[in-house]
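Here are my notes on the model you sent over. Have it open while you read, and go through the points in order.

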Amino acid sequence: MGFGSWVREKWNNIKSWFSEREERRRNRLREQYYRYERQKMEELSSIYNYRNNAFSSIDNEYREAEQEQKRQLIERRKEINKSIYNNIAEMVQEQIDDNDELIKEIHEILGEIKNVSKVQQNTYIRAKSIERLRDDIYETMAKLNAYKYYLKNYKKRRLDYVYDKSGEIAEMFEFKLPENSLYDGKLIYIKKCLLNSNGTLKINESMDTKYSCKDLEAINDFDENADVAVMSTKGESYTYELSCTKGLFKSMAIYQPRVGIEAVVDRYENRNIILKYYNLELCLQKKNLSNPRKIPPRGAQIRVYPYRYKSNLSTIPEVTEKVEHSLNSINIGTIPLIIPNNKITEFLSFIKKNNLEETDLEWKISPYDENALILDKELKFQLGNQFVFKVLMDNKNDNQNYLRYDEILDNKHLIKAEDIFIDLDMNFKIYPEKAFLDSMELQEKFEDFILFINNEFSEQKNIRESIEGVAYYNKWAEITNKLIEYLYKGKPLKCDILSIDILERKDYKSGLTVFKAELDNADEILKILDAHYDNRATEYFIECDKNRYVVEFSKDASFIYIYGEFKMEYLESCSYKLNVHPKAFPYPEIMQKNALNVFREGRLANGKLKTFLLDGTKIEYSYNGDTVEKFFDKDIEKNKAQKEAVLNAIGEKNIFMIQGPPGTGKTKVIKEIIKQHLYKYPYDKILMVSQANIAVDNVLKGLVEGEESLIDKENIIRCGTDKYNKNDAPDCIKPILFETKKSEYIKAVKETKFLNKEKEDDRLEWLNILEDPNEASLVGECILKNNQLIGATCVGLEKKKLGLNELIFDLVIIDEAGKTLPGEILIPINRAKKVILVGDHKQLPPVVNPALYDDDKCDTKEILEDDEKDDFLNESFFKRLYESCPDSNKVMLNIQFRMPTSIGTMISKLFYKEEKLLNGNGTENKEPIIFDKNLNIVDMSKIKSYRERKDINSGPYNEKECMVVNELIKYIRSRGYNDRIVVITPYKNQKRHLNEIKEKNNLKKVEINTIDAFQGDEEKIIIYCTTRAYTQTDYFSYASRLNVALSRAQNEVVIIGSLKYFESYGEDSNLYKIGKYIKNEGKILEYHNNLFEDEDNYEKTIFL
């Protein structure tokens, strides 16, 4: 049986309350009870006759005899009624056992729903519908728990007590929770005059329950005879607290969600505003303000509407100022329903019989057949979990559409959690068939309704069918969780334990056992703590036998305190040395995890993007009507691919992809798209993101410094890392830096003074918020909202609390998209109405944290098979989507203008075989600057000292190569070339050694970097160090890295490497093909060892 059928079967059983066993149990009990009643009447008659005899004598002996008669009678009753008592007691226990079984099954259902919600990709509406279903089940479980308590209470206080005292049988127990019983989250109505701070509620004739009510002040203005809504919350030993405030809130949320309540701003917490409604706290996210640019001050009274809450209000309810967002389900209003004349009596009779004329239950709607090509032709309409019927879509001759009732369905058709369905708040207006045919009423609203459900059903169906896409994002979510778990562990402090004791008292805050361990290396640890950590603010922990224990240091670090059931024998196994980890906060990875969760739940600014990203084949061109009236960059109009990219990107409504190989003018195209968009929509908000600072800056510089600017630089803001802001930001970008604008804004707020006291108080309060580090996200959000064009790197967005999650952008452009991880790229995509992805999957893939390749650090075996790990982690999001995307929504820029023809042709043949990268005008005229050819290799095959070495725990390096680079740069300078020279190496360790040579020899205007760091940049002369000469490595099998390394040059590439090593990879390898191509089209420079023998004839003695 599938999960859905299992849920349906169990859920129907829970909802019906009575099983067949319960019915048989009840009939058997009734028969026994009737026999008992007859016997009881006979006994009472006997007692009556005996008492009449007793009245004739006042003899003490006769009285004692009467008491003895009673005692004997009670014993006889017990004996006679024993079987009835046992039967009832047994039935009570059976009810409790069945109840426990249902509770257990509900826990299983909730677990399955949790797993489905965690793993299954959803649209936003579907996610909200499942949330409502989960709340319904939680409320049912609360009822079952209350019923279990009722049964136990009945047995102890009624059945057992009455039998022990009189031998009689108490009244029968209820086979469902008595109507007046309380449970956690129950909404009830009580007259104000009957409600007290402490009181008793009568459940039935023989049982009651005690309650307390601590917020009676909330109903001071109510009339004494008014029915007041209160909500019950379970306390200890099934005592209950009644809350007027929670009752008023929940009553409003269920019955009048669009009326709202008045609440007072109490405080600010991160991106949330905490409100007070009497003593009930409410959470208002800043994105749910009616005007998100205006934050209400503390003490302000605002009207809010319910947004998200649990049925028992166990967590702070979320509210919104936007009335249109105030329902968990969508409010449709009234929809016409045609009922054929021969079926209207059947339909209305069923409604009346089941008391469904007036109900607060909401409608669930799903396709009758999910496999049908058109999902809205046959529908199921379900009211709560009680009533489901089939409806057909029909139309008149004039194409007027309407719904036609078909038949009532049985319970096997009830909508299940995994079905395609939505929750709607709506009403039907019923028409007899003939009457409606003469009416045009409600037709326009009905057409909107059909369009809405058809779009939602289609999106849900597409998501369900995107099995591979769902698995892809789920795997990345699990992998990111694993990585976060690992990154929480900061660099360990190695503590030598001298002695350890258990403190007599447990920790008063947590109740945990506390161990006090004396450190043997306290001075050493204290120095580390003082230098790197805030001892009071930083959290520490140790890991022992897969368990974590919180650790605290004493002020002088002479002791550590370990909290929890720590096993002291562990110290022996680790030689009394403990690794104490500071708890790190991997903010970038947490941001990625949040973005993946937002995507899974369907909370995107544009819901269609989720369908497209799950399965690129579902992408379709949706023309928005926009055209290009004129090109701001006239060169683009002459380039067919660039022109096509701009035209299609501007005209597409949802998503467009641009592949930009090296030197094809990606930046020109991006700038043109931004200008065209601003020309059409001068007030739209745009986000420009890239992996590389230089890519972002090149776009912004063109807009800030351009002659024909369509946006004031006051409306442009650049978000960067602290390192970028201090060291790397160009002068023209510094005035638009986030930090610059923030400082200017705070300065303006400080200098502005108001004579009006209320305004001045608000200013001072806002100034405190601006200077509070805990409010960084709120401040960032406000600053970003006051700028129209935002530029940032992915790292910058991840590391800074900018409040980006609260913004929605009309256009998001993501450059270098091929280098972004799924979690990174979803951060901006989730906030986009329209997204343009620009990248090249033939260049560098995303940079993956090395810990993911080490199962000792991040065990991903349950997520990825060993043989799929490398391919999965190295395949870019962009590549996966681009290759499945239809041609209508993508274009490749296929003419390069950067590299000389000889280099460009090699790049095309090796890395763009099918697509074919063409050389643009002028590339054939790019003359070499130093050597005779544009493409050169210094062949080190004959130099024995040219070989790689490795440091312990570090990558390879090559000392001889460093020496050659030094001499080569000197030679280039000797030829009169004084511009920047770029040296690229595959390895960080070699980069470190090269930088040491650079400093030692005072080499000026030389940039040394890894391949990964230099993508997106270019230079006239590029020196590429291969470093290795002996050991083969998979590194050189990655075509993308070689592509980037060799395509940075505007004029000349000089490779340092061994052709013999290149050839060792075999004829099919790219290294072999590069060596062969250079032999035919470039120049081989032989290297000799007599470096310093003939400096006047430098070229002949060094590079021949």
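1. Ground rules first. Helices (H or I, at least four residues) and strands (E, at least two) are DSSP runs, numbered from the N terminus. This is a predicted model, where local features need pLDDT of at least 70, side-chain atom pairs count only at pLDDT 80 or more, and totals for chains, interfaces and linings use all residues. Residues are numbered from 1 along each chain as its sequence is written, and side-chain values use heavy atoms, with hydrogens and water left out.

2. The overall picture. The protein has 33 helices and 39 strands. Of its 1104 residues, 52% count as buried, where buried means under 20% relative accessible area, exposed means over 50%, and partly exposed is in between (1.4 Å probe, protein chains only). Among contacts (heavy atoms within 4.5 Å) with a separation of 6 or more, 72% are between residues 24 or more positions apart.

3. A charged patch. Have a look at E865, D866, D867, D870, D871 and D1034, which form a negative surface patch. Patches are made of residues with over 30% relative accessible area and no salt bridge, with like charges joined within 9 Å and nonpolar side chains (Val, Leu, Ile, Met, Phe, Trp, Tyr) within 5 Å. Lys and Arg count as positive, Asp and Glu as negative, and His and the chain ends are not counted. The place of a charge is taken as NZ of Lys, CZ of Arg, CG of Asp or CD of Glu. D867 counts as exposed because its relative accessibility is 67%.

4. Salt bridges. How many salt bridges does the structure hold? There are 43, a salt bridge being a side-chain nitrogen of Lys or Arg within 4 Å of a carboxyl oxygen of Asp or Glu. Take R308 and E318, whose closest N and O atoms are 3.2 Å apart. This pair links distant parts of the chain, with R308 in strand 9 (residues 301-308) and E318 in strand 10 (residues 318-320), ten residues apart. E318 is buried, because its relative accessibility is 17%.

5. Another pair to check. D406 and K343 meet in a salt bridge at 3.6 Å, N to O. D406 is in strand 15 (residues 401-408) and K343 in the loop between strand 11 (330-339) and helix 6 (344-353), 63 residues apart. Are the two buried or exposed? D406 counts as buried at 17% relative accessibility, whereas K343 is partly exposed at 24%.

6. A bridge with two buried ends. K666 forms a salt bridge with D815, with the closest N and O atoms 3.6 Å apart. K666 sits in helix 16 (residues 666-680) and D815 in the loop between strand 27 (811-814) and helix 23 (822-829), 149 residues apart. K666 is buried, with a relative accessible area of 15%, and D815 is buried with 2%. Elsewhere, salt bridges that share partners join D266, R267, E269 and E281 into one network.

7. Finally, F878. This residue is in helix 25 (residues 877-884) and counts as buried because its relative accessible area is 0%. Leaving out residues up to four places away in sequence, F878 touches M657, I658, Q659, A817, G818, L837, V838, G839, D840 and H841. F878 and P846 are 32 residues apart in sequence and 9.8 Å apart in space, C-alpha to C-alpha.

How values were computed: Accessible areas come from the Shrake-Rupley method with a 1.4 Å probe; for residues, only the protein chains shown count as cover.
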